[in-house]
Amino acid sequence: MKISYYPILFVSILFTGLLLLFFSQSWLLENKGHDLSSLQLTKSYVLNAIMALIVFFAIYVYRDKYRDLLGFFFLGGSLLKFTLFFIFLYPDFNQDGVLERLEFLVFFVPYGFALVLETFFLVKLLNTV
């Protein structure tokens, strides 16, 4: 596969996967009687999608110029994701003083999917550089 197809493939898999996960997770949570608006499910998925795109395209654009630093871009992107989690999602999750397992999973399911996808494409890019 040519490296020029990686962005198209990444975006396609990212959006398809996140949409499937979003609808699956929201269906599951609704059937268990949880209020989706209080869980900030949409905000979590949008935040993770945007950050995954930023991290991937930073790695993709600078793959030739900063070949030795691609791993640091990846780690920095993960750090940035957690920073944004603590800025935008954590305050609402922690209003009652406890971060529940359900609240953690609302963030971690899309984060984990995006992380695995980013890792896969980073390895592909590093093998072609």
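Colleague: At what angle do H4 and H5 pack, and how far apart are their axes?

Modeller: In this predicted model, H4 and H5 pack at an angle of about 170°. Their axes are 12 Å apart.

Colleague: Parallel or antiparallel, then?

Modeller: Roughly antiparallel. The angle is about 170°, and angles over 145 degrees count as roughly antiparallel.

Colleague: Which residues of H4 make the contact?

Modeller: Leu70, Phe74, Ser78, Lys81, Phe82, Phe85, Leu89 and Phe93. On the H5 side, the residues include Val106, Phe107, Tyr111, Ala114 and Leu122.

Colleague: How does that contact divide by class?

Modeller: There are 13 nonpolar, two polar and three charged residues in the contact of H4 with H5.

Colleague: Switching to H1. How do the axes of H1 and H5 cross?

Modeller: They cross at roughly 160° and come within 11 Å. H1 and H5 are therefore roughly antiparallel to each other. The crossing is right-handed. Their contact has 18 nonpolar, three polar and two charged residues.

Colleague: And H1 with H3: what is the angle there?

Modeller: Roughly 165°, with the axes coming within 11 Å. So H1 and H3 are roughly antiparallel too. H1 passes H3 in a right-handed crossing.

Colleague: Which residues meet there?

Modeller: From H1, they include Phe10, Leu14, Phe15, Leu18 and Phe22. From H3, Leu41, Tyr45, Ala49, Leu53 and Phe56 are among them. The contact of H1 with H3 has 18 nonpolar, three polar and no charged residues.

Colleague: What about the largest nonpolar core? How many residues are in it?

Modeller: It has 32 residues. Phe10, Leu14, Leu41, Phe56 and Ile59 touch the most other members.

Colleague: Which helices supply it?

Modeller: H1, H2, H3, H4 and H5 each supply at least two residues of this core. The largest share, 10 residues, comes from H3.

Colleague: Back to Leu14. What does Leu14 touch?

Modeller: Leaving aside residues up to four places away in sequence, Leu14 touches Ala49, Ala52, Leu53, Phe113, Ala114 and Leu117.

Colleague: One more: where is Gln40?

Modeller: Gln40 is in the loop between H2 and H3.

Colleague: Buried or exposed?

Modeller: Gln40 is buried, because its relative accessible area is 10% and buried means under 20%.

Colleague: What does Gln40 touch?

Modeller: Phe88, Leu89, Asp92, Phe93 and Val106, not counting residues up to four places away in sequence. Leu89, Phe93 and Val106 also belong to the contact of H4 with H5.

How values were computed:
Residues numbered from 1 in each chain as written. Predicted model: local features only at pLDDT ≥ 70, side-chain atom pairs only at ≥ 80, totals over all residues. Heavy atoms only, no water. Core = buried A, V, L, I, M, F, W, Y, C linked by side-chain atoms within 4.5 Å. Buried < 20%, exposed > 50% of the residue type's maximum accessible area, 1.4 Å probe, protein only. Helix = DSSP H or I, 4+ residues; strand = E, 2+ residues; numbered from the N terminus. Contact = heavy atoms within 4.5 Å. Axes fitted to C-alpha atoms, helices over the stretch in contact; angles between N-to-C directions. Parallel < 35°, antiparallel > 145°, perpendicular 65-115°, else oblique. Left-handed = near helix turned anticlockwise from the far one by under 90°. Nonpolar A, V, L, I, M, F, W, Y, C, P; charged D, E, K, R; others polar.
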